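Please read the following walk through a structure with the sequence and the model open side by side.

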Amino acid sequence: MKVLISFDVDGCLENGDPPGPITLDMVRKAQAKGAIIGSCSDRAPSAQRTLWDRAGIVYDFVTPKYGLPEIMEKFPADKYIHTGDRNLDEQFAKAAGFDFYWENEGAEEPWLQYLDE
Amino acid sequence: MASTEWFQADRYRAKEGLGVWEHKGKAAIAGLGNSPTTRRWDGDLSTSLGAWTMLAAQRALDDAGITKDEIDGVISCPQGMGDEWGAERGYFPAPYDSEDGLSGVSAHWLVKNMGLENVKTTYHAPGCMSTALVAGAEVVGSGEAKTILVVRGTGNMPGRYHQTPGDTVGGPQQWTNPWGWQLIPQIAFGFDQYCRKYGSNHDRMAPFILNQRRNGSMFPEGFYYQNRPDDLNLTVDDYLASRWICKPMNMNDCDLPIQTAGAFLITTGERARQMKKKPVYILNHVQQRGVVRSSVETLAETEEFSTSIANKCFEGSGLTAAEVDVFNPYDGFTLFTQSFLEGFGWHGVKHGEAHDFYGDDIRVEGSHPFSSSGGNNGNGRTRWWGFYDSVQQLRGEAGDRQVQVKAETAIAGAFTPQVSDWLVLGTSPD
């Protein structure tokens, strides 16, 4: 199954400000299992790219929070997931047709169930 | 000292026609202090607003080279800018057993917990550090106190910022809140009116925003410098792609709420000359409280307010627009900053010309170093960076941010054209 995972940054990823519970190793693991990965945040796209580059992760996309519909259009997949720590993340995710997981749920790596299929 | 009175309303210089300030040059800023910064408070009492206000105050004392025994007055803006911690989360052992010290810091809290035993004068000033600073200028200028600390903590609690959960509203807001008319749409509307009148557009704000971030990258006390340097590399594409908050206001037009505390030490000009740092004299202080004729502030009213601020600043200090070297008006919503620039006519900018000016060389190295602090857009929301930078510029201590033009006078102020307080500063008391 092709899975796309969008990560909010601050309060969600471990390299966010504040740091979140989802580790970069979790991201690497999902990517190694074939997931399309990237970030969707109110942090500027240039800052998002820098964060990924510094982590040594080759990301597939970065986008502002409102950009999930465009990401869906650009990357065909069977499952679209966004994980974040704010109601706004949930709002944008659901409006774009993404499954939404809160950051603490994301730390349980719910996407593995689809990637292992 | 169990409580503190509000500074008397009739002591603010809020009207035009008052003439030169009778205490011009008698008070000076002799110490600056700022705590570290962070996005939100994490519940650790060592980084609470109270602890950080004490730290900022101590740093201001150290900057001036004096001890706390010399402090005989404290003026605080006692409310933070964020939300309350709230009893439901549970308070802490004293002195953190109430909101005082957590979501705001009163003058008497600071006096008690810092052991400022010689303080005889305390006041509170509402809303902004800027209001507390103008009160401080008057208190020292008039001789009511000799050496005072002016403090504020910002406050930003975990969770979302300034939600309004209630489903009822009273008072004047009953006419505006039900249809969402609050400060943000007002500012966005005002900017839209500006663009319509003068034939400009939101994209033309980009050079100003990027320059604010660039100045922030040279401000070690600032939030982004300390915590998110990547955000200071904002590009034009980033700015234009930023999420709309209330079109034509986007996220990067808004300053970021942060947790920090700041302190300014004001003393007499005579005493300041004996302290460690070069004195920065207060040449005038000004208050603006514009009255809007309806529930919507018109562009004409905004321009009228800014012009009045400038008139009062110039009249009370004796300076002219051409004599203002450093200019740090508030930028918490960047979309009203052009009103200050044009109202003051700084560097000859007239109504409708601000966006052309932004496209010129406004870098600190250039000939028009506008908002050399980087403001709150470049450093996070405090509303005091402009004052802080102005003092550093006049001391010649702004580091990489030091303007290359003459820096002998400065004007800084916050908050909006309608509601704001301002200081006129100089390296000479005359």
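How many bridges join strand S1 (residues 3-7) of chain A to strand S4 (residues 79-84) of chain A? In this predicted model, the two strands run parallel and are joined by five bridges. One place to look is Ile5(A), whose bridge partner in S4(A) is Ile81(A). Strands of a sheet pair through backbone hydrogen bonds, either parallel or antiparallel.

S1 and S4 belong to an open sheet of five strands in chain A, with the order S3-S2-S1-S4-S5 and parallel pairing. At its edges are strand S3 (61-63) and strand S5 (99-102) of chain A, each of which pairs on one side only. From one strand to the next, the twist averages 25°.

Helix H4 (residues 87-96) of chain A lies across S4 and S5 of chain A and runs at about 165° to S5(A). Leu88(A), Asp89(A), Ala93(A) and Ala96(A) are the buried residues of H4(A). These buried residues line one face of the helix, because their directions fall within an arc of 130° when H4(A) is viewed down its axis. An α-helix has 3.6 residues a turn, so residues three or four places apart point the same way. The cover over the buried residues of H4(A) includes helix H3 (68-74), S4 and S5 of chain A. Gln91(A), Lys94(A) and Ala95(A), on the other side of H4(A), are exposed. Just after the helix, Gly97(A) has a positive phi of about 85°.

In chain B, consider strand S4 (residues 147-153), where seven of seven residues are buried. In a regular strand the side chains alternate between the two faces of the sheet. For S4(B), one side carries Thr147(B), Leu149(B), Val151(B) and Gly153(B), the other carries Ile148(B), Val150(B) and Arg152(B), and all of these are buried, so both faces are covered. S4(B) also has strand partners. Strand S2 (residues 73-76) of chain B pairs with S4(B) in the parallel sense over four bridges, and Ser76(B) has Val151(B) as its bridge partner there. The pairing of S4(B) with strand S7 (residues 261-268) of chain B is antiparallel and extends over seven bridges. Within that pairing, Leu149(B) has Leu265(B) as its bridge partner in S7(B).

The two chains also touch each other. The contact draws 18 residues from chain A and 17 residues from chain B. The size of an interface is often given as the accessible area lost when the parts come together. Chain A and chain B bury about 1400 Å² between them, and 45% of this is on carbon and sulfur atoms. On the chain B side, the residues that lose the most area to chain A are Arg160(B), Asp230(B) and Arg243(B), together 43% of what that side buries.

That leaves the cysteines. With a disulfide taken as two cysteine sulfur atoms within 2.5 Å, the count over all chains is zero. Cys12(A) is in no disulfide, and the nearest cysteine sulfur, that of Cys40(A), is 10 Å away. Cys12(A) counts as buried because its relative accessibility is 0%. Cys246(B) itself is partly exposed, with a relative accessible area of 24%.

Notes: Residues numbered from 1 in each chain as written. Chains lettered and ligands numbered in written order. Predicted model: local features only at pLDDT ≥ 70, side-chain atom pairs only at ≥ 80, totals over all residues. Heavy atoms only, no water. Buried < 20%, exposed > 50% of the residue type's maximum accessible area, 1.4 Å probe, protein only. Pairing = 2+ DSSP bridges. Axes fitted to C-alpha atoms, helices over the stretch in contact; angles between N-to-C directions. Contact = heavy atoms within 4.5 Å. Arc of directions from axis to C-beta. Buried area = accessible area lost by both parts, 1.4 Å probe.
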